[in-house]
Amino acid sequence: MFVEHLPDDRGQAHTLEAFTAALLLVAGLIFATQATAVTPLSASTSNQHVENQAAIAAQDVLTTTGESGNLRAALLYYEDGEFVDSGDEAGYAGVPPASHPLHDPLTEAFGDRQIAFDIEVAFPEDGGNRTGDATVVDMGSPSDNAATASARVALYADDRLFDGSVDDPGDATYSGPRLANESGHDYFAPSVGGSDTLYTVVEVKITAWQM
């Protein structure tokens with residue numbers, strides 16, 4: 001018995017459907033991969049990058065100003081119970097004025113990067129039984145991604161404070177009262193005592209964060 005096989009286009013239809021489904025699946029995978037890709041601009045990566053840059057900048061400021069003597073000069077840029085031209089006992093509200101020893105380094109490190117920062121100084125009190133602190137710069141409350149860097153500075157009894165009547169702000173050699181004569185008076189940090197040469201050792205900390 002002869003059986004006639006008529007043309008059947010269902011096979012082609014099934015093939016086309018399978019090809020279309022595969023194409024949709026591949027397109028979906030590509031879209032999902034692109035949507036979840038971690039790039040240098042991804043939020044967490046970007047925050048970490050900014051934090052790292054702020055930490056490096058803060059440490060660079062402390063290192064370079066420590067070596068140049070400007071960090072010590074900034075601690076001695078103090079007159080009549082406050083940092084010169086700070087306006088109040090809470091320190092400067094932003095980058096210190098142009099005459100300040102840290103003005104240029106801070107401007108170079110943070111000024112053009114939209115990075116806010118605080119600078120605080122910790123020092124021993126009550127014979128070393130507790131720690132006091134003073135604010136040099138207060139630009140607000142740091143964010144959760146703030147970075148910190150710190151450096152210790154030894155201050156000596158013969159170091160002299162700034163005297164606005166005779167001293168040139170651009171010259172870090174000041175001629176004001178000796179620190180040894182300021183113990184218990186106007187200077188923010190008391191003497192540790194017991195030494196004719198060492199006045200105290202302070203820790204300067206910079207906290208920096210993206211504005």
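1. Helices and strands are runs assigned by DSSP, at least four residues long for a helix and at least two for a strand, and they are numbered from the N terminus. Read along the sequence of this predicted model, the protein follows the pattern α-α-α-β-β-α-β-β-β-β. In total there are four helices and six strands.

2. The protein has 211 residues, of which 32% count as buried. Its accessible surface comes to about 12900 Å², and carbon and sulfur atoms hold 52% of that surface. Among the contacts with a separation of 6 or more, 64% join residues 24 or more positions apart.

3. Helix α1 covers residues 10-35 and contains L23. L23 has a relative accessible area of 52% and is therefore exposed, since the cut-off for that term is over 50%. Together with L16 and F19, L23 makes a nonpolar surface patch of about 350 Å².

4. Is D118 buried or exposed, and which side chain of opposite charge is nearest? D118 is buried and has no salt bridge; the nearest side chain of opposite charge is that of K205, 8.7 Å away.

Terms used:
Residues numbered from 1 in each chain as written. Predicted model: local features only at pLDDT ≥ 70, side-chain atom pairs only at ≥ 80, totals over all residues. Heavy atoms only, no water. Patch = residues over 30% accessible without salt bridge, like charges linked within 9 Å, V, L, I, M, F, W, Y side chains within 5 Å. Areas by Shrake-Rupley, 256 points an atom, 1.4 Å probe, with all protein chains shown as cover. Salt bridge = Lys/Arg side-chain N within 4 Å of Asp/Glu carboxyl O. Buried < 20%, exposed > 50% of the residue type's maximum accessible area, 1.4 Å probe, protein only. Lys, Arg positive; Asp, Glu negative; His and termini not counted. Contact = heavy atoms within 4.5 Å.
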